[in-house]
Amino acid sequence: MDTSIGSEYDFLREEIRSFLTANGDVAVPAGPGFGGDASQIRERTLEWQKRLFDAGYAGRTIPKRYGGAGHEPDALASLVIEEEFQNAGISLGMENQGTGMFVPTLLHFGREDQKQELIRPTMRGELIWCQGYSEPGSGSDLASLRTSAVLDGDEYVINGQKIWTSGAREADMMFALIRTEADAGKHGGISYIVLSMDTPGLDVRPLMTMTGDASFNEVFFTDARVPAMNVVGRPGQGWEVGTYTLRFERNMLGRSSTTESYLAGCVDILRETGLIDSPVYRDRLLKLEGRVQAMKYHQLRLLTDRLKKRDSGAGGLIVKLNSCQLNYDVCALAIDAMAERGVLKRGSKHVRDYGNWQRNYMYALGLIIGGGTAQIQKNIIGERGLGLPREPKPAAA
Amino acid sequence: MDFGLTQPQELLRDSIARFLAQDVDIERVRRVMDSESGQDEAIHGQLGDLGITGLLIDEGLGGIGLGMQEAGIAAQEMGRAAAPVNFHSSYVLAPLLIAAADGGERRNELLGGIAEGRTLVTPVLDAPIRNGRVDGTVLYVPDAAWSDAFLLESGGSLHLLEATVAGIGIEPLQTVDGTRRVAEVTFSGIDLGAAESLGGNADSTRRAVHAAQIALAADALGAAQKGLHIAVDYAKERKQFERIIGSFQAVKHMCAEVLAEVEPVESLLWHTADAWDEGSEEIEHLAPLLKAHATEVASQAVTMTTQVFGGIGFTHECDMHIFYKRVGYDRQMLGNPTALREQAAAVMYA
C-alpha cells in the first residue's frame, strides 16, 4: 500500500512553507484558537483570502482567464496543501457558499460573461454570497419550493420567501432556486438565478440561532425585479444546476482535517486540566480517536477512488453523516473537560478559546441538520448505498 | 497515493471467499458449532492446501511469505464465513512467534508443518514457568484440545512442548461462539528439560500479539459485514403492513447507521496492517486502537442487525446469531475494547 505522495510534490511543499512564513503576519489560524473583535476577524479573513487566491492555494484549478492559478485538478496537490496548512495550524481560507458552492457550479453551467464577471471577486472575498434554497414549506423536500418568478419583458419579477439563509446580511449576492414555470412539474419548472442583495423588493430579517448568532436569515421577495440574463444554465434547468452544487456542500461539510484539529485541541484541554490521566476521560477520548482515525483513512480510500476514477459507492455517502456527528462529539468532550467553565459563552470573563467550543458544539448540531438532515442522509445511504426500497407515497386521502 | 488493496490482494480475497463459500458453508459451520468437541479436523488441511495457513511463513519454508495485509484479508473472510478455526492464534500468533525464534532445524520443520496445515501449534502466552519447571494452570487457550505442540511464552522466551509429553491436562471449556473453542490447560510440574528452547525476545512477542489483535479485529469486521448483508437481504424481502420492511425508515436507518460505522473500519484495518508490515512504531497504539474500535463497532452492528430480523433474529434457526456470537469472541480475546483503549492511551498520551 502506498500512502506516500511522491517526491514530485516536495517542491510544492517547500513553496507552501515559504508562503506561510512570508505571510505569517496575516495568516489566519485554524481551529478553535482564533477569535476576538468581529470586524477585525472579518478584515483579516478577507485579506488572507485574497493572498490565498492570488498565490493559487484557494480555487487552485480555476482557469487563468478567470483569475485563477489554472492548475489541472490534482487531488494529491490538494492533499499536500491541506497537510501543510494543517501542520502549520493555518486556515485554508474561506470555504463558504461562494467559493465552495457557487463558483464550481458557475464553472460548470455558467455563461462566459458570468464567469468573467463573478469568479475572481468571489474567490478573493470581494463578493460574498448566500444561498437561497430552503423555504418555510420546503426543507428536506426542497423541490416543493414555491418562491416564483414571472417574466416581464427582460426581467423576472420574484415573489416569495427563503429561510435559513446563512450570511444574507453580510452577502452582496444570492444564488437562488426559483420557480419560473408553474406547470412544468415539481422538478421541471425551477431556475437557478443570481441576484444582488441590493435589489429593491428584498427584505432580509435576521433569524437568531441557538448559538446566539444571527447567522441565519429570512429573505422576503416582494416584486423584486432581476434581469432575465441572471439565470445560470437554462431556465427550467435549475434543479440540475442547484443539486450539482449540493454535491460540493456534502464535501464541504466533511473535511477530516477539521475534525483532527478539533480533536488535537481537545487533547490540549485534557492535558491542561490534568484529566488526561483520568481513565474515564481517556476512555471517551480513545473512543473518539478510533472513529476519527477510521474516518481519516476512509477519506484516503475515497481519494484513491477519485484518483482512479472509480465510484466509491456507499463509502462516499457516509461522510457527511459521520463527520458532522464526530465534530459534535469532539466538542462535547472538550466542554465536559472544562467542567463548570464549560457554561461560559463568548465575551465572558474566563471563557476559553473565545467560546468557540460552545459555539461550535451547537453549530455542529446545526450542520447535522443542515445540508440534508442526518435522517435524509440515512435515507440516501439506505436507498442508494444498500438498495433498500423507497418509502411508498401515501395514498391520496 | 494508492490507499487500498492491490490487485493480487483482491484476487487473494476472492479466492479465499470462493473456497469458504463452497467448502465451509453455513451447514458445516453449524455442525461444528453445535458439536460437543467443536473440532473441524479437515479445515486445517484445506486451508493449508490453499496456502492460507502459511500466509505469514517464508516461501523458503513452504509458506507464501506475505504480510499482515494479506493475513488481515484472510481473517476478515474467516469472520464473514464464521469459519471454525482460531486463525488469529494458530496461523498468526504461532507462526510469527516461531519465525522470530532461533530454533534452527526444528523451527523450520514446525513452520513447514503449519504452512501445510498438518501441524497445529498452540501459543500459551505468559506461561507458568518457574524454577526450571512448567507448573500451573492456564485458561482460555485456543485450539488446545487438538494441538500438536504448545509454544510456551514467558517474558519473551519461548519453549516448545510436545502435546504428548506427560503431565499436560486439557479440559475443554464451552464457548458461546461454538465456532472457536478454548481450553483449560494444566501443566503439572513438567521439567523444562522436556521442552525445547527456541530463544525468543519480548519485542517479537509483542509484535506477534499486535498481529493477532489485527486478525481478531478483521474477523469481527467480516462477521459484522456479513450480518449487515443478511439483514439487508431480509429487509428487502420480509413484508409487514403490506410493505417491504426495508422501506420503513425505522429499519432502513438502522441499516444505514450500521453501514456508516462499519465501512470506515476497513480503512483503519488496512492502515494498521500496513503499519505492521512496514514495521512502523505507530503499531504500538494502532493495533490496540484498531481492535478496540473494530470490535466495539462490530458489537453495535450485530446488535442492530439482529433486530432487523425481529423475532426470527432471536432463534437458533436464523444465521444471525452465529455472527453475533462470533463478534463476542473476537471482542473478548487478547484484550477487550476498554482494556485496549487504556493500552493505546498509555502509548499516545504518555
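Helix α12 (residues 374-385) of chain A and helix α8 (residues 249-277) of chain B have axes that come within 8 Å and cross at roughly 85°. Axes are lines fitted to C-alpha atoms, for helices over the stretch in contact, with angles from 0 to 180 degrees between N-to-C directions. Helices (H or I, at least four residues) and strands (E, at least two) are DSSP runs, numbered from the N terminus.

This is a predicted model: local features need pLDDT of at least 70, side-chain atom pairs count only at pLDDT 80 or more, and totals for chains, interfaces and linings use all residues. Residues are numbered from 1 along each chain as its sequence is written, while chains are lettered from A and ligands numbered from 1 in the order in which they are written.

**Helix-helix contact**
- From α12(A), the contact uses A:Q375, A:K378, A:N379, A:I381, A:G382 and A:G385.
- From α8(B), it uses B:Q249, B:K252, B:H253, B:C255, B:A256, B:E257, B:L259 and B:A260.
- Two residues are in contact if their C-beta atoms, placed from the backbone, lie within 7 Å.
- The residues of this contact of α12(A) with α8(B) comprise five nonpolar, six polar and three charged.
- Ala, Val, Leu, Ile, Met, Phe, Trp, Tyr, Cys and Pro count as nonpolar, Asp, Glu, Lys and Arg as charged, and the others, Gly among them, as polar.

**Chain-chain interface**
- Chain A gives 40 residues to the contact and chain B gives 37 residues.
- On the side of chain A that touches chain B, the elements giving two or more residues are α8 (279-307), α9 (314-317), α10 (319-337) and α12 of chain A.
- α8(A) supplies the largest share of that side, 17 residues.
- By class, that side of chain A holds 20 nonpolar, eleven polar and nine charged residues.

**Confidence**
- The predictor gives the complex an ipTM of 0.95 and a pTM of 0.89.
- Chain B has a mean pLDDT of 96, and 100% of its residues reach 70 or more.
- pLDDT is the predictor's confidence in each residue, from 0 to 100.

**Chain A**
- Chain A has twelve helices and eight strands.
- Its C-alpha atoms fill a box of roughly 70 × 55 × 50 Å along the principal axes.
- Chain A is assigned domain 1 (7-94), domain 2 (129-237) and domain 3 (253-385).
- Domain bounds come from an automatic or database domain assignment.
- The C-alpha centres of domain 1 and domain 2 of chain A are 31 Å apart.

**Chain B**
- Chain B contains eleven helices and ten strands.
- Its radius of gyration is 20 Å, close to the 20 Å from the globule rule for 350 residues, so chain B is as compact as a globular protein of that length.
- Its domains are domain 1 (7-116), domain 2 (121-199) and domain 3 (202-348).
- Between the C-alpha centres of domain 2 and domain 3 of chain B lie 30 Å.
- Their contact takes eight residues from domain 2 and six residues from domain 3.

Key
The radius of gyration is taken over C-alpha atoms; the globule rule is 2.2 Å times the number of residues to the power 0.38.
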